[in-house]
Amino acid sequence: MKFLWTELLLLLAALPVLVALYLYILRRQKRTAVRFPSVTLAREAVGASARWRRHLPPALMLGALAAAILAIARPSAVITLPSQQRTIIMAIDVSLSMRATDVQPNRLASAQAAAKAFIGELPSDLRVRILSFAGTALLIQKPTNNKDDLTAAIDRLQLDRHTAIGSGIVMSLATLFPDEGIDLESLVLGSRQSWRTHKPPEKKAEKKAVKPVPPGSNTSSAIVLLTDGRRTTGPDPLEAARMAADHGIRVFTVGFGSPAGGPAMMDGYSIYMAFDEATLKAIAQLTEAEYFHAASADELKKVYQALSGKFVLAKEEREVTAIATALAALLALLAGALSLVWFNRL
């Protein structure tokens, strides 16, 4: 336990002074007390129970003062509590094909708008990670429920070459299951040049055998994939989807593009960009999830509504001033009640 206002703990020095004052008053009362005719009468008048009763209310009041001083010093402690957690990985396609204008103003801008609208409606207990993928996949926002941080991460997205949808799914699984030792070097990061540029920490987790679970059985986590669905490199998206299904993770796919595809300006030329809706539907089907086409925020609400919280034990630092205040109030009330019942006075 620690205190936010430690200087107020100096008030505890007043407690010994109060104890000394109480003992001084008792001695004065003893000197001026009326003497009984005999010791026998005195013992009958003041029994053993009466002797400790007279000291209990003041002792309780002293404890109440001590608890009140601790309360105003604002104590905080690290407490292990059950917390409900729901996690979503939002994987956003930033390949050059997302520049196509068949969805206005273009596919990427529409995906960013949908993602920000989705985040604006998030419940407070749901944490979101954001990663982007083009030729490789990168985690750009650690898990948080801070909507400003998530929105800022989405605004920082920049287009890049190639499209590795499978890499986006595999990287998402690696962040959800960091202890399984998923081989990101070969599956996600691709070429040696990309590996050197975005090299993660040297320490690698030992790969563990994964026991497949029923698709969609993990009800506390999900992946939301926002893309035009056209893969040009990286692992097979359907194989990555089967990997997610084996982990019980649902991959909700959101497609941006028209069935006929659309043009995109590249190096001064207008290039046709296809839209692979069939792959996105297959990914959702394999993982027991849903497919949305250029989804609105209302449609995407179905994603987090489909998740149920997972209770885990988590250590949190919390201010416990209320506990100390309640203890002080309880002790003060008990001292007053005993004084009224035993001595008919406060």
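A: A salt bridge needs a side-chain nitrogen of Lys or Arg within 4 Å of a carboxyl oxygen of Asp or Glu. In this predicted model, Asp 102, Arg 107 and Asp 228 are linked in a network of such bridges.

Q: What makes the pair of Arg 107 and Asp 102 a salt bridge?
A: The N to O distance between the two side chains is 2.9 Å. The limit is 4 Å, so the pair qualifies. In general, side chains of opposite charge can pair when their charged atoms come close.

Q: Why is Arg 107 called buried?
A: Its relative accessible area is 0%.

Q: What else does Asp 102 touch, and where is Asp 102 found?
A: Asp 102 sits in the loop between strand 2 and helix 5. Leaving out residues up to four places away in sequence, its contacts are Arg 107, Gly 257, Ser 258, Gly 261 and Gly 262. A polar atom of the Asp 102 side chain lies 2.8 Å from the backbone nitrogen of Ser 258.

Q: How many salt bridges does the rule give, and which one links distant parts of the chain?
A: The count is six. One of the pairs is Glu 319 with Arg 74, whose side chains meet at 2.9 Å, N to O. Glu 319 is in strand 10 (residues 310-319) and Arg 74 in the loop between helix 4 and strand 2, 245 residues apart.

Q: Why are Glu 319 and Arg 74 called partly exposed?
A: Glu 319 has 40% relative accessibility, and Arg 74 has 26%.

Q: What makes Glu 277 and Lys 281 a salt bridge?
A: Their closest N and O atoms are 4.0 Å apart. The rule asks for a distance within 4 Å, and the pair is counted as a salt bridge. Both residues lie in helix 11, four residues apart, about one turn of the helix. Glu 277, at 23% relative accessibility, counts as partly exposed, and so does Lys 281 at 42%.

Q: What makes up the largest nonpolar core, and which element gives the largest share?
A: This core has 32 residues, and those with the most contacts inside it include Met 90, Ile 92 and Ile 130. Strand 2 (75-93), helix 5 (107-120) and strand 3 (126-133) are among the elements that each supply at least two residues. Helix 5 gives the largest share, six residues. Ile 130 touches, among others, Met 90, Ile 92, Leu 150 and Ile 154. Apart from this core lies another, of 22 residues, including Met 171 and Ala 241. In soluble globular proteins, nonpolar side chains tend to be buried together.

Q: Why can Tyr 24 belong to a surface patch?
A: Tyr 24 has 47% relative accessibility, which counts as partly exposed. A patch residue needs over 30%, so Tyr 24 passes that cut-off. The nonpolar patch, of about 530 Å², is made by Leu 18, Leu 21, Tyr 24, Ile 25, Met 61 and Leu 65. Helix 1 (14-32) and helix 4 (56-72) each give two or more residues to it, and the largest share, four residues, comes from helix 1.

Key:
Residues are numbered from 1 along each chain as its sequence is written. This is a predicted model: local features need pLDDT of at least 70, side-chain atom pairs count only at pLDDT 80 or more; totals for chains, interfaces and linings use all residues. Side-chain values use heavy atoms; hydrogens and water are left out. A nonpolar core is a set of buried Ala, Val, Leu, Ile, Met, Phe, Trp, Tyr and Cys residues joined through side-chain atoms within 4.5 Å. Buried means under 20% relative accessible area, exposed over 50%, partly exposed in between (1.4 Å probe, protein chains only). Contact means heavy atoms within 4.5 Å. Patches are made of residues with over 30% relative accessible area and no salt bridge: like charges are joined within 9 Å, nonpolar side chains (Val, Leu, Ile, Met, Phe, Trp, Tyr) within 5 Å. Accessible areas come from the Shrake-Rupley method with a 1.4 Å probe; for residues, only the protein chains shown count as cover. A polar contact is a pair of N or O atoms within 3.5 Å; within protein, one must be able to donate a hydrogen and the other to accept it, and residues adjacent in sequence count only if both atoms are side-chain atoms.
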